[in-house]
Amino acid sequence: MPWKVRCQSCGRERTLNISFDIASQKVLYQYCPYCGKNTFNDILGYLDVSEEKKEA
Ligand SMILES: [Zn+2]
């Protein structure tokens, strides 16, 4: 499932494919490719399939 998250460290938004439901969480500890390390990420919400681009 595509989720939109924002890194609390660098502030960049990105889409993550996560197989489990994170809707009950507020933050997600995940690897940020921009920071090059694991950071806390705000979970902005589930990305609607209609918004999903084929290029991703
Ligand atoms: Zn980051």
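**Entry 1: what I have.** I am working with a predicted model. First I looked up the make-up of the protein chain, and I found zero helices and four strands. Reading along the sequence, I wrote the pattern down as β-β-β-β.

**Entry 2: the sheet.** Next I asked myself in what order the four strands sit in the sheet. I got β2-β1-β4-β3, in an open sheet with antiparallel pairing. The edges are β2 (13-17) and β3 (27-32). Each of these has a single partner strand, so one side of each has no neighbour in the sheet. I also looked up the angle: neighbouring strands here are turned by 50° against each other on average, ignoring direction. A reminder to myself on pairing in general: strands of a sheet pair through backbone hydrogen bonds, either parallel or antiparallel.

**Entry 3: β1 with β2.** I started with strand β1, which covers residues 2-7. Five bridges join β1 to β2, and the two run antiparallel. I then went through some residues of this pair. W3 is opposite L16 in β2, and R6 is opposite E13 in β2.

**Entry 4: β1 with β4.** I stayed with β1 and looked at its pairing with strand β4 (residues 37-46). This one is antiparallel too, over five bridges. W3 turned up again, and its bridge partner in β4 is Y46. For V5, the bridge partner in β4 is I43.

**Entry 5: β3 with β4.** How many bridges join β3 to β4? I noted six, with the strands running antiparallel. One pair I looked up is Y29 with its bridge partner F40 in β4. β3 and β4 form a hairpin as well, with four residues between them. In this turn I found G36, with a positive phi of about 75°.

**Entry 6: the whole chain.** Last, I checked burial and contacts. The protein chain has 56 residues, and buried residues make up 5% of them. For contacts I took those between residues at least 6 apart in sequence, and 48% of them join residues at least 24 apart.

Methods
Residues numbered from 1 in each chain as written. Predicted model: local features only at pLDDT ≥ 70, side-chain atom pairs only at ≥ 80, totals over all residues. Pairing = 2+ DSSP bridges. Axes fitted to C-alpha atoms, helices over the stretch in contact; angles between N-to-C directions. Buried ≥ 20, exposed ≤ 12 C-beta atoms within 10 Å, placed from the backbone. Contact = placed C-beta atoms within 7 Å.
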